[in-house]
Amino acid sequence: MTPAEDAHARAVLDKAARENFPVAPFFLPRAWRVDLMAVYGYARLVDDIGDGDLAPGGTDAVLLGLSREQADDRLALLDAFEADLRRVFAGSGEGPRHPLLRPLRATVRRCGLTPEPFLDLIAANRQDQRVSRYATFYDLLAYCELSANPVGRLVLGITGTTTPERVRRSDAVCTALQIVEHLQDVSDDLRRDRIYLPADDMKRFGVDEAALTAPTSTAEVRSLIAYEADRARQMLDEGAALVGSVRGRLKLLLAGFVAGGRAALRSIAAAGHDVLPGPPKATTFGLVRELGATLRREG
């Protein structure tokens, strides 16, 4: 890896500090942290491609074997990214081109990871290029199956704790976290011409798209957000038993995920469910309080 490629990869990995939830906290074994950061680099890059948030200049396009002129062609980038992912899993050959995928090769082999969760994340970002509205809550859940649940499954795979029941609980937590993030980011998503609030729920609460462009929420929008937040809370509670099913430092990591979702929901409620001025964010104190409560309740 050249110094320029290393700096480019590091800029993506540094985004981990700005995520809602801990990515690879210091208290985990070093081997886990290395593998979690390898997976994070992959997931962050594919989302940046899908959202059009790549660094300017077309460096990622060139690294993936495309021209700089194709840097704004998200579908072409996702196709090239999938081709590079397949090099990660190939038993021989040149290996992946992108510097963020090179460390993933060792993680995949060490942990016995399969291509499916990684391919699902690409599929979710392809869907984002074609689908910008969701008719029902069940349509949204199907999207979260691609965009969120693979991350939890990869965490279980890296830590060697995969079981059918843990996967089910993890899926509930990950889907809930994705919905919470969508609730926080209603305004930001709308600027990308995306709405992740189910259309049938919007109709039920008397909310049209114009109401989501206002600087503050109407009573109807607040009621809609409160309704979706309660759904996310129920899913978090359903999945929270995952925390009690593991031991040691992994328990603390998983409790952090659940606590992060609960703290975010508390911040949305504290804002009166008015998410339109900007994403309500949990405080550090709020996160620590929810972490302690989660460990007492689920540990």
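Helices here are DSSP runs of H or I with at least four residues, numbered from the N terminus. On that numbering, helix 9 gives the most to the lining of the second largest cavity, with three residues. The model is predicted.

**Largest pocket**

- The largest pocket holds about 1400 Å³ of space.
- Its lining counts 49 residues, and the closest to the pocket centre are Glu19, Arg44, Asp47, Gln178 and Glu181.
- Eight helices are listed here as each supplying at least two lining residues: helix 2 (30–51), helix 6 (116–130), helix 7 (137–147), helix 8 (149–158), helix 9 (164–184), helix 10 (186–191), helix 13 (241–244) and helix 14 (248–270).
- By class, the lining has 25 nonpolar, eight polar and 16 charged residues.

**Second largest pocket**

- The second largest pocket holds about 220 Å³.
- Eleven residues line this pocket, and Arg10, Leu13, Met37, Leu100 and Pro103 lie nearest its centre.
- Helix 1 (3–13) and helix 2 are the elements that give two or more residues to this lining.
- Helix 1 gives the most, with four residues.
- Nine of the lining residues are nonpolar, none is polar and two are charged.

**Helix 2 against helix 5**

- The crossing of helix 2 and helix 5 is left-handed.
- On the helix 2 side, the contact is made by Val34, Asp35, Ala38, Val39 and Tyr42.
- On the helix 5 side, the partners are Pro103, Leu104, Thr107, Arg110 and Cys111.
- This contact has seven nonpolar, one polar and two charged residues.
- Pro103 of helix 5 meets helix 2, and Pro103 is also among the residues nearest the centre of the second largest pocket.

**Helix 2 against helix 8**

- The axes of helix 2 and helix 8 come within 10 Å and cross at roughly 155°.
- Angles over 145 degrees count as roughly antiparallel, and helix 2 and helix 8 are therefore roughly antiparallel to each other.
- Helix 2 and helix 8 cross in a right-handed sense.
- The contact residues divide into six nonpolar, no polar and one charged.

**Cavities**

- The model has two cavities of 30 Å³ or more.
- The largest cavity has a volume of about 60 Å³.
- Its lining consists of His182, Val186, Asp189, Arg194, Ile195, Tyr196, Leu197 and Leu212.
- Five of these lining residues are nonpolar, one is polar and two are charged.
- The second largest cavity has a volume of about 40 Å³.
- Phe137, Leu140, Ile179, His182, Leu183, Tyr196, Leu197, Pro198 and Glu228 line the second largest cavity.
- Helix 7 and helix 9 are the elements that give two or more residues to the lining of the second largest cavity.
- The second largest cavity is lined by seven nonpolar residues, one polar and one charged.
- His182, Tyr196 and Leu197 line the largest cavity, and these residues also line the second largest cavity.

**Arginine 166**

- Arginine 166 lies in helix 9.
- Arginine 166 and glycine 152 are 14 residues apart in sequence, and their C-alpha atoms are 9.6 Å apart in space.
- Neighbours within four places in sequence aside, arginine 166 is in contact with Leu156, Thr161, Leu242, Ser245 and Val246.

Conventions. Residues numbered from 1 in each chain as written. Predicted model: local features only at pLDDT ≥ 70, side-chain atom pairs only at ≥ 80, totals over all residues. Heavy atoms only, no water. 1 Å grid on protein atoms, 1.4 Å probe; cavity = no way out; pocket = protein on both sides within 12 Å on 5 of 7 lines; lining within 4 Å. Points joined across faces, edges and corners; volume = space filled by probe spheres on them. Nonpolar A, V, L, I, M, F, W, Y, C, P; charged D, E, K, R; others polar. Left-handed = near helix turned anticlockwise from the far one by under 90°. Contact = heavy atoms within 4.5 Å. Axes fitted to C-alpha atoms, helices over the stretch in contact; angles between N-to-C directions. Parallel < 35°, antiparallel > 145°, perpendicular 65-115°, else oblique.
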